[in-house]
Amino acid sequence: MACHCRYVNCILPPHLLRRLLDSSNAEIRHAALNTLLSTARLRGERAMMAAFGAAAGDARRTIYDCRHSTSLRSARLIRSEDGNASRDDAGNRAFDGFGATRAFYSEVFNRDSIDDQGRQLDGYVHYGRAYNNAFWDGRQMVFGDGDGVLFTDFTKSLDVIGHELTHGVTEFVAGLEYHDQPGALNESMSDVFGSLVKQWSLKQSADQADWLIGPDVFTPGIQADALRSMKAPGTAYDNPDLGKDPQPDSMDNYAQLPNTDEGDNGGVHINSGIPNKAFYVTSREIGGFAWEAPGHIWYEALRASGPNTSFQEFADTTYQKAGQLYGAGSAQQKAVFEGWAEVKIKITGVDTTPAPTPAPPTPTPAPASDKELIALLVKQVDDLSATVKQLASELNPAKSA
Amino acid sequence: MKATLREFGGPIDPTGQRARVVDTDAMSREMADEFARLVAEARAQPPGADATAGKGRDMMTYSIAIEENGQTQLLKQSDATRTQAFAELQDWIKRHAARP
């Protein structure tokens, strides 16, 4: 088969590499195999680093107990990367959730922690008293225990943990400013990749996933599905205790709110429902695992975004990235178009749904794209080999320690 | 003295529509004295410095409007700046206010 990736700086994701193993072009098959082997060797080296005690900052997890204070300075260490499990269940859940999120970004996007340089992951549990929230403070994640009436412990939802850590990823990748549409995109990225962490951990396909954010943070007596629904924004809850889920599911109901605390900084937690639904529809239309094609399209679009990216600009970028990764007129690109169309965002310059292009059973590679593809794979192998070599040299001193 | 607490940016009700209100006119003398003490302590401690450099995400902001003798004073703090005294006043209001 042919990969239509024409963006020379993109990294071919593992699922595409596996398909390339069936290419009719022997050189492509060989290069794809080399890339997969190098990636596997890199993962093995990283696993060995963890086993021998990785260097400080290598995405090491550390969990602290705030003991119901709102001061992080007075928190007590309860779990470290190489230590035994804590007696504190919340601490262990935070530790495991960090591990799952770290593994997701590494395995799916070849990303080394939130900054792609092995930044350590610090978590603080039992923050405050009856604190109904979890947040990212720019450097670490903080969890409340909930009030026991509406909410339980916020470490209980893996998607919430993935959500908060993804704020760190977004900060390093695109720096989406936390107000108005860029801020709603920032929130949406956290919901998208937070949900994907959960789906990946459970090996759920798009049609098996619940597409809910925080279904496990409510107490049993509360009638609510979750904090948010990506599949049906505005329906996650509606009861006297919580009020009604305020999220819109399309631009028709975009909430015009002031950029103030009272306006939720222009509705960042409210209008995120719109790009959330676009991602859900895209994933539904593509099918299979949402962290594969949809996740990679969104990740590449995030990487191409900046502090002030709007909904329209992001939509256009996802459409462009889908074309680069999977081909103009591909099923994946059409799904992206439909995803945004369903939330009433029209891709710029595309008047109608792209004409149906039947997927060939064995796509025929064009000579020009094969040359680019081989060059891309060779570069990817070289980059991976360099990283493996560096890790191996760091590992040797650890082995002799 | 009357106090109205609003919370913004949280997982539910990010625009703080659901206010919590307490009024000393509806309290026992003992409770009213306790409330007055907590208000005085919260007023005396200015908000802490924000160390997040604007990079905090999903952090909440809180306002407590204190109405007394025909005047209103607004105390406003966030997860990044909240003092212990403000947190205690906030918790007290949530415990004793009627459910919104």
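What share of the contacts in chain A with a separation of 6 or more comes from residues 24 or more positions apart? In this predicted model, such residues account for 61% of those contacts. Chain A has 401 residues, of which 50% count as buried, and its secondary structure consists of 11 helices and 9 strands.

Five strands of chain A form an open sheet with mixed pairing, in the order β2-β1-β3-β5-β4. The edges are taken by β2(A) and β4(A) (residues 134-136), each with a single partner strand, so one side of each has no neighbour in the sheet. From one strand to the next, the twist averages 20 degrees. Helix α4(A) packs on this sheet, where it touches β3, β4 and β5 (residues 141-143) of chain A. The direction of α4(A) makes about 20 degrees with that of β4(A).

Within this sheet, strand β1(A) (residues 61-65) has 4 of its 5 residues buried and is therefore largely enclosed by the rest of the structure. β1(A) pairs with β3(A) in the parallel sense over 5 bridges. Along this pairing, T62(A) stands opposite D122(A), and Y64(A) stands opposite Y124(A). The pairing of β1(A) with β2(A) (residues 76-80) is antiparallel and comprises 4 bridges. Here the bridge partner of I63(A) in β2(A) is R79(A). In a regular strand the side chains alternate between the two faces of the sheet.

Helix α8(A), spanning residues 293-303, is mostly covered, with 10 of its 11 residues buried.

Chain B contains an open sheet of 4 strands in the order β2-β1-β3-β4, with antiparallel pairing. β2(B) and β4(B) are the edge strands, each pairing on one side only. On average, neighbouring strands of this sheet are turned by 15 degrees against each other, direction ignored. β1(B) and β3(B) are joined by 7 bridges in the antiparallel sense, and R6(B) has S63(B) in β3(B) as its bridge partner.

Helix α2(B) covers residues 84-96. At 1.5 Å a residue, its 13 residues should span 18 Å, and the end C-alpha atoms are 18 Å apart, in agreement with that value. The buried residues of α2(B) are F86(B), L89(B), Q90(B), W92(B) and I93(B). Seen down the helix axis, the buried residues of α2(B) fall within an arc of 160 degrees, so they line one face of the helix. An α-helix has 3.6 residues a turn, so residues three or four places apart point the same way. The elements of chain B that cover the buried residues of α2(B) include the strands β1 (2-8), β2 (20-23), β3 (61-68) and β4 (71-78), as well as helix α1 (29-44).

Between the two chains, 26 residues of chain B are in contact with 26 residues of chain A. On the side of chain B that touches chain A, α2(B) contributes the largest share, with 3 residues. The residues on this side of chain B comprise 9 nonpolar, 9 polar and 8 charged.

Two loop residues have backbone angles of note. Most residues other than glycine have a negative phi. D116(A), which is not a glycine, has a positive phi of about 65 degrees. D116(A) is placed in the loop between α3 (89-109) and β3 (121-125) of chain A, and it counts as partly exposed because it has 15 C-beta neighbours inside 10 Å. In chain B, N69(B) is likewise a residue other than glycine with a positive phi, near 55 degrees. N69(B) lies in the loop between β3 and β4 of chain B. With 5 C-beta neighbours inside 10 Å, N69(B) counts as exposed.

Technical notes. Residues are numbered from 1 along each chain as its sequence is written. Chains are lettered from A and ligands numbered from 1 in the order in which they are written. This is a predicted model: local features need pLDDT of at least 70, side-chain atom pairs count only at pLDDT 80 or more; totals for chains, interfaces and linings use all residues. A residue is buried if 20 or more other C-beta atoms lie within 10 Å of its own, exposed if 12 or fewer, and partly exposed in between; C-beta atoms are placed from the backbone. Two residues are in contact if their C-beta atoms, placed from the backbone, lie within 7 Å. The expected span of a helix is 1.5 Å times one less than its number of residues. The arc is that of the directions from the helix axis to the C-beta atoms. Ala, Val, Leu, Ile, Met, Phe, Trp, Tyr, Cys and Pro count as nonpolar, Asp, Glu, Lys and Arg as charged, and the others, Gly among them, as polar. Two strands pair if DSSP finds at least two bridges between them. Axes are lines fitted to C-alpha atoms, for helices over the stretch in contact, and angles run from 0 to 180 degrees between N-to-C directions.
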